[in-house]
Amino acid sequence: MDTDNNRQEMQEIWKKFNKQGGTGSVKTAPELTPEEEKKRNRKQIGLYLLITFALTYGTEIFGIMPMAGNMDAEQAYRVQGMISSVMFLPAAGALLPLLLTKERLTARSLMLTVNLKKDLKYYGLAWFGFVLLILFGAALYFVIFRDQFDAGLGYMKALTDAQGVETTEAQLSQAVVMQLVMGAVLAPFANLLNCFGEEWGWRGFLLPRMLKQFKVVPALLLCGLIWGLWHAPLTILGHNYGVGYAGYPVTGILAMCLFCTAIGIILSYVTIKTKSCIPAIMGHGTLNGFASAGILFTSVDHPYNVFLGPTPTGLIGGAGFLVLAGVLLYLLYKEEKESQPGYM
């Protein structure tokens with residue numbers, strides 16, 4: 001009986017997210033035929049990618065790149081503001097196709113519903129689960145590269161000295177503990193608005209439409225690749241991995257694509273399970289606000305390797321995310337397969 005109930009639940013989930021069923025929450029007038037629905041879906045994906053990449057690459061190539069590297073403080077703040085504003089462009093890229101194709105906008109069709117009682121575990125995964133995975137990756141990195149770990153908090157000491165502030169080791173330790181606790185608790189809320197701009201585009205708009213065109217594995221892998229390539233101009237500027245490394249900038253772009261694919265699978269998983277992109281927004285906010293936790297413990301004398309860790313963008317720092325992404329992708333593949341008619 002339990003098996004039948006589970007299968008019924010999976011069929012209900014995939015009815016809303018596979019290529020036959022669509023999101024299941026959007027009603028149009030007049031009702032579209034399956035072929036018209038697919039045609040509109042392809043049009044929306046194409047418009048979304050065109051608008052989002054054109055706006056983003058245009059802003060970064062013609063607006064940010066010419067100012068990058070300028071030592072003027074006011075210019076640097078302006079660049080940082082522009083980089084933050086770019087996070088809203090996927091939302092703009094999602095809204096325009098909806099308006100152009102005259103799709104009815106509701107909380108369900110926009111993937112903005114909330115059901116904490118039913119979905120609390122998925123919110124927990126995207127919030128505290130991400131915190132634990134970040135700490136795990138940093139700890140694993142320092143276990144492997146022990147000479148790069150500084151229990152004396154030399155990195156923090158260098159920062160405070162540069163600001164002309166004298167601190168004791170005890171004060172530094174208290175500051176780090178407070179920073180970690182506050183980061184873990186407040187990160188998803190402090191970054192809520194910016195991350196909404198990205199996640200409503202990638203998970204709220206693109207994901208369900210990709211799942212109508214492809215099976216779950218290629219859909220999620222393609223979404224991750226697209227998301228990684230969307231970061232390419234900033235990766236070239238050194239925003240994620242610096243500059244001058246072996247294979248620059250191709251190595252950095254590929255590493256960013258791998259990172260975005262792993263994180264994207266996890267964020268897509270909680271989106272599919274909750275039929276909402278809000279837990280993905282919180283997960284993205286937690287990642288942005290807490291990802292640098294491991295850097296607080298790095299040694300000034302033995303610099304860390306950005307492609308390995310201790311942040312989640314490195315292979316070792318992000319090991320927990322990579323493993324979890326693989327597990328969740330397999331579970332989604334299995335659920336999709338078992339939800340197909342005739343499966344025994």
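I looked up Leu153 first: this residue sits in the loop between H5 and helix H6 (154–162). Helices here are DSSP runs (H or I, at least four residues), numbered from the N terminus. Phi of Leu153 is near 60°, positive although the residue is not glycine. Leu153 is buried at 3% relative accessibility; buried means under 20% relative accessible area with a 1.4 Å probe, protein chains only.

The model is predicted, so I noted that local features need pLDDT of at least 70, side-chain atom pairs count only at pLDDT 80 or more, and totals for chains, interfaces and linings use all residues. Residues are numbered from 1 along each chain as its sequence is written, and side-chain values use heavy atoms, without hydrogens and water.

I then checked Met111, in the loop between helix H4 (89–100) and helix H5 (116–144). Its phi is also positive, about 60°. Met111 is buried, with a relative accessible area of 3%.

Next came the peptide bonds. Tyr248 and Pro249 are joined by a cis bond, omega about -5°. Gly309 to Pro310 is cis, with omega near 5°. Pro310 lies in the loop between H12 and H13.

Last, I looked up Leu220. Beyond neighbours within four places in sequence, Leu220 is in contact (heavy atoms within 4.5 Å) with residues including Leu207, Ile265 and Leu329. Leu329 is among the buried residues of H13.

Methods
Buried < 20%, exposed > 50% of the residue type's maximum accessible area, 1.4 Å probe, protein only. Helix = DSSP H or I, 4+ residues; strand = E, 2+ residues; numbered from the N terminus.
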